[in-house]
Amino acid sequence: MLADHQTPERFDVEPVNSPKQRQPLYAARKKIFPRAVNGYFRRFKWLVMLVTLGIYYITPWLRWDRGPYAPDQAVLVDLEHRRFYFFFIEIWPQEFYYVAGMLVMAGIGLFLVTSTVGRAWCGYACPQTVWVDLFLAVERFIDGDRNAQMKLEAAPWTPAKIAKRVSKHAIWLAIGVLTGGAWIFYFADAPTLLVDVVTLKAPLVAYLTIAILTATTYTFGGLMREQVCTYMCPWPRIQGAMLDEHSLTVTYNDWRGEPRNRHQKRAIAEGKPVGDCVDCNACVAVCPMGIDIRDGQQLECITCALCIDACDDVMTRLGKERGLISYATLSDYNQNMALATGSAGTIEPSRIRDSAGKLIDRIKHTNWRSVIRPRTVLYFIGWGAIGLAMLTVLALRTPLQVNVLHDRNPLYVTLKDGTVRNGYDVKILNMTPEPRIVAVTIEGLPGGSMSLADSRGNTSQAISIELEPDKVLPLRLYVHADPAELSGAKSTFQIAVTSIDGLKAVADVNFDAPEKTK
């Protein structure tokens with residue numbers, strides 16, 4: 001037996017207050033000051049930012065004439081009337097499968113893009129990336145570029161620093177307000193809602209939505225930035241399953257850059273092997289995620305390719321071939337490594353210099369096999385099939401529909417004259433923004449007639465009804481029949497709705513009657 005103060009060596013437990021147990025589970029943010037860079041990918045990012053922000057802010061103000069009975073806003077989520085308008089398309093609540101199909105297409109499209117060109121969505125079109133780019137542009141405009149920002153951050157608080165901080169955060173908040181304001185315009189007539197918001201007549205939910213989106217845009221785009229991508233977004237952890245050896249990713253070609261040396265002329269004079277990388281850290285300075293691409297593929301990398309622009313600029317100024325950092329597949333990387341490696345398996349700078357043109361050409365000219373391969377073809381077929389199916393259903397759908405629900409209790413009523421009556425709840429959908437006159441008839445029921453609930457028992461073979469534009473008309477319909485003319489206790493017939501312009505909607509229903517006695 002062990003004494004109370006004795007502990008076996010195999011139970012070596014750290015004290016509760018030991019440094020190991022006090023380590024935080026969340027790393028505090030280290031502020032990143034990405035340097036501005038110019039180049040092909042940076043210009044492409046500016047273009048994507050302008051296009052995406054333009055679409056987001058301008059779309060609610062676009063008009064689309066649907067006639068006098070429907071809203072003229074091109075894109076509108078009309079929650080009050082439960083409609084979704086997208087230019088010439090109108091989606092009703094029962095057609096929500098269109099929205100589900102679009103979401104599935106978006107997911108498959110994201111898989112397709114990722115398996116082909118890596119995290120291009122994250123690097124160029126993700127809302128977080130777009131707004132962070134916008135916030136960074138504001139920050140550089142007020143505080144200056146990387147070195148000026150670092151100097152200002154370390155400087156004491158002076159009136160000039162306070163003025164810059166207030167100006168920057170005020171503009172960030174204004175961008176957040178515009179973001180939230182643009183969002184609410186998708187759910188109501190934009191010009192009318194704008195006047196209501198300014199005059200403080202808008203619903204409370206509109207102001208709450210603006211406040212929430214202002215806070216999230218300001219926090220995510222201005223304060224958290226890369227932490228949203230690293231800690232909050234699940235896609236960095238999922239996208240690895242979408243990649244293979246033929247997926248294009250931003251790659252540091254160490255077969256060409258290593259061994260890196262800042263003093264290459266001295267090293268060459270001393271007979272030391274050197275690569276093309278001069279260890280200038282330009283790729284690190286421009287990275288909005290604060291990583292070093294030379295360390296290989298990392299979860300934080302969003303494939304924005306700004307490091308390619310920075311490195312190409314350095315290579316051009318040094319008179320070296322561009323492409324030290326480039327888009328490359330793992331397969332191409334391995335082939336290029338083999339070309340640059342001698343028989344001993346070590347990198348030979350002479351082989352790199354002799355075959356530099358050939359290697360660069362292989363990187364610059366993307367092999368179509370990296371794009372067209374079984375995985376991407378399968379994704380594209382699935383994506384296209386869903387889109388084609390949705391377009392087909394949309395093109396073939398009729399703007400006139402009828403839904404019928406038979407009474408459950410009682411199934412039928414026997415009237416004094418011996419006829420049998422069944423009751424139905426009928427809903428006629430006029431899915432066009434114009435009035436429509438229709439005729440309701442019954443087909444396939446021998447000797448059948450019908451009447452409306454408010455017709456005082458007057459039956460007829462057809463009922464003429466005027467439908468309001470873009471509305472659902474509920475009807476209480478009674479169908480009468482002589483049981484002697486029926487083939488059995490349960491018959492099937494159709495309730496048809498036909499418009500004067502030739503549109504027709506049909507619903508198959510049952511007619512119940514008492515069993516015939518022998």
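1. In strand S3, Glu-90 is the bridge partner of Tyr-85. Strand S2, residues 83–86, runs antiparallel to S3 and is joined to S3 by three bridges; two strands count as paired if DSSP finds at least two bridges between them. Strands are DSSP runs (E, at least two residues) and helices are likewise DSSP runs (H or I, at least four residues), numbered from the N terminus.

2. The model is predicted: local features need pLDDT of at least 70, side-chain atom pairs count only at pLDDT 80 or more, and totals for chains, interfaces and linings use all residues. Residues are numbered from 1 along each chain as its sequence is written, and side-chain values use heavy atoms, with hydrogens and water left out.

3. The order S1-S2-S3 describes an open sheet of three strands with antiparallel pairing. Strands S1 (75–78) and S3 (89–91) each have a single partner strand and stand at the edges, so one side of each lacks a neighbour in the sheet.

4. Helix H1 spans residues 40–58 and contains Leu-47. Leu-47 has 49% relative accessibility and therefore counts as partly exposed, a class lying between buried (under 20% relative accessible area) and exposed (over 50%), with a 1.4 Å probe and protein chains only.

5. For the protein chain overall, the secondary structure comes to 18 helices and 14 strands. Of its 518 residues, 42% are buried. Among contacts (heavy atoms within 4.5 Å) with a separation of 6 or more, 68% are between residues 24 or more positions apart.
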